[in-house]
Each structure stands twice: as structure tokens, then as C-alpha cells.
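This report walks through a single protein model, from its overall make-up to a few individual residues. Please keep the sequence and the structure in view while reading.

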Amino acid sequence: MRMRYTLTCIMLAASLAGIGLYAQQSAMIDYLAECERKYGSDADLVNGVKYYYPYRQSLGDPFFFTEPQEAVIRIHDKVFDGQLLSYDIFNQQLILDYQDLYGATSRLILRDEWVKGFSFGNRHFVRMKGPEGQEGYFQMISEGKLSCVYRWSKGQQLNLTSGVQSYYFTEPAKESYLLIEGTFIPYKSNRSFVKTFDPALQKTVKQFMKEAKVKVNKAPDSQIRHLVEYCNSLYHEDS
């Protein structure tokens, strides 16, 4: 009788173990399916160098946004939405937050040569050759025969107000360009913006800016987009 009881307990334990193992396998399959849906099955997205934050002793941070933001990322010909992304404008690199197979959050520096562009909401960034001929990320404000792009950066400076040597990050700095047939033309003021146009169009552009009360060094993205779209319409009329 005792032997039969022992055998029953062993069989019951084995059955429970089998159920537990099946549940673990099922949970793992579900998790891997979710990873494939979110990150892709061919590692186009989760591919790069593990990121460790190196600026613990500096005030501020090197990022466009202090915290990771939900983003859409274009890699090769694929689009990955719902990703947590940080844009390091000091080093000009992208850091992806993702979950590894154990469910832990890790950070990865994406491969720049694979990234075509990314978006934070209505802010769209593309990778292109800059005015110096080097590849970099630019915020695309308006695209057409005449395009407008921004290049963002931060600096790191010595903090002279403390008694010990330390550093701090500057506020984000913006370089503004009009892009005409592959040529980058920088502008910083209404005057330099107007001067980028043919003399025959300068008076018309200046009048529009005056009526719309545009100050290009302070205007929001939406106002600059409207201005550039208007300038593009002048090219269409001229052609």
C-alpha cells in the first residue's frame, strides 16, 4: 500500500513538472513572438554596440530629449514603430531601449550606416550628407525643390563655478539650412534667409515674411514649414 502511495506521488509530481515546463515554454514562445513583432525577426533593429552612459560626473545630458521617447525608426527598407529611442546630439548617435530574452531592459547604439531616418511624433529626422560632406542626422522641416533642415548639437564645457573640476552640457544648439539642389545654404536671420533667393524673388519673400510676422531664428517648426512651402510655390510659378 505504501509503495502504491509513493508511486502515485511520483507520477503526480512528474505531471505537475510537465505542466510547469509546458507553461514556461508557452510563455517563452509568446514572449519571442512579441519580440519578433516589435523588433523584427532578422535583427535589423536590435543590432549594434551595448551602450553604457559615460557622463555620470557631468551636469545635464547629451540628448535631444532627456528621457527616451517613443519613436518610429527606418532601417534599410523597414519601418519599426513604437520603439523607445534616445538621440544623443553630442555624439550624433541613436540609443535604442529594448528588452532582452530575459525581460531585462538593455540599451544599444544603433548602426548609423543602417538607419535611414526616425521620427519623434511630428519631428522627422533623416540621415544625409551634410555641408561638410559627412553623413549625419538632420531634422527635416520641409521637403521640396527648396528644403529646410536643422542640425542639432550640444557642447560639453568646463564648469568654472565649482571648486572641483567638473563639466556640464550646453543647451541644444540649432543650425538652420536651406537645401537647394544638394547645396546647403545656412541662415540665421530674416536677412540671410531672404538673400538665399534670386534677386527677382527677394522682395516677394521679404513681403510675405513681414505680413506673416516671421522671425526665422525664433519661429516654430510649423511657421517655418509654411514659409518654405510658400517659397516653393514661387519656384513653381517661375517655372
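## Terms and basis

Helices (H or I, at least four residues) and strands (E, at least two) are taken here as DSSP runs and numbered from the N terminus. The model is a predicted one, in which local features need pLDDT of at least 70 and side-chain atom pairs count only at pLDDT 80 or more, while totals for chains, interfaces and linings use all residues. Residues are numbered from 1 along each chain as its sequence is written, and side-chain values use heavy atoms, with hydrogens and water left out.

## Overall make-up

The protein has 4 helices and 14 strands. Of its 239 residues, 36% are buried, where buried means under 20% relative accessible area, exposed means over 50%, and partly exposed lies in between (1.4 Å probe, protein chains only). The accessible surface comes to about 15,200 Å², and carbon and sulfur atoms hold 54% of that surface; such areas come from the Shrake-Rupley method with a 1.4 Å probe, and for residues only the protein chains shown count as cover.

Among the contacts in the protein with a separation of 6 or more, 52% are made by residues 24 or more positions apart. A contact here means heavy atoms within 4.5 Å.

## Nonpolar cores

In soluble globular proteins, nonpolar side chains tend to be buried together. A nonpolar core is defined as a set of buried Ala, Val, Leu, Ile, Met, Phe, Trp, Tyr and Cys residues joined through side-chain atoms within 4.5 Å. The largest such core has 44 residues, and those with the most contacts inside it are Ile73, Tyr87, Phe118, Phe193, Phe197 and Ile224. Helix H4 (residues 221-238) gives the largest share of this core, namely 6 residues. Apart from this core lies another, of 8 residues, among them Val126, Phe138, Met140 and Phe184.

When its neighbours within four places in sequence are left aside, Ile224 is in contact with Ile141, Cys148, Tyr150, Tyr187, Val216 and Ala219.

Helix H3 (residues 199-212) has 14 residues and, at 1.5 Å a residue, should span 20 Å, which agrees with the 21 Å between its end C-alpha atoms; the expected span is 1.5 Å times one less than the number of residues. Its buried residues are Leu201, Val205, Phe208 and Met209. Because these residues cover an arc of only 95° around the axis, they lie on the same side of H3, the arc being that of the directions from the helix axis to the C-beta atoms. The face turned away from this buried side carries the exposed residues Pro199, Lys203, Lys206, Lys210 and Glu211.

Just after H3, Lys213 takes a positive phi of about 55°. Gln223, which is found in helix H4, is in contact with Ala212, Lys213 and Val214, leaving aside neighbours within four places in sequence. A polar atom of the Gln223 side chain lies 3.2 Å from the backbone oxygen of Ala212, and the C-alpha atoms of these two residues, 11 residues apart along the chain, are separated by 8.8 Å.

## Loop and strand residues

Asp112 is placed in the loop between strand S6 (105-110) and strand S7 (115-120). Not counting residues up to four places away in sequence, Asp112 touches Gln92, Gln93, Arg127 and Tyr137. The side chain of Asp112 makes a polar contact with that of Tyr137 (2.8 Å); a polar contact is a pair of N or O atoms within 3.5 Å, where within protein one must be able to donate a hydrogen and the other to accept it, and residues adjacent in sequence count only if both atoms are side-chain atoms. Gln92 lies in the loop between strand S4 (78-88) and strand S5 (93-99), and its phi is near 55°, a positive value in a residue other than glycine.

Asp61, in the loop between strand S2 (58-59) and strand S3 (69-75), counts as buried because its relative accessibility is 11%. A polar atom of the Asp61 side chain lies 2.9 Å from the backbone nitrogen of Phe63. Ser58, found in strand S2, is likewise buried, at 14% relative accessibility, and its side chain makes a polar contact with the side chain of Gln156 (2.9 Å).
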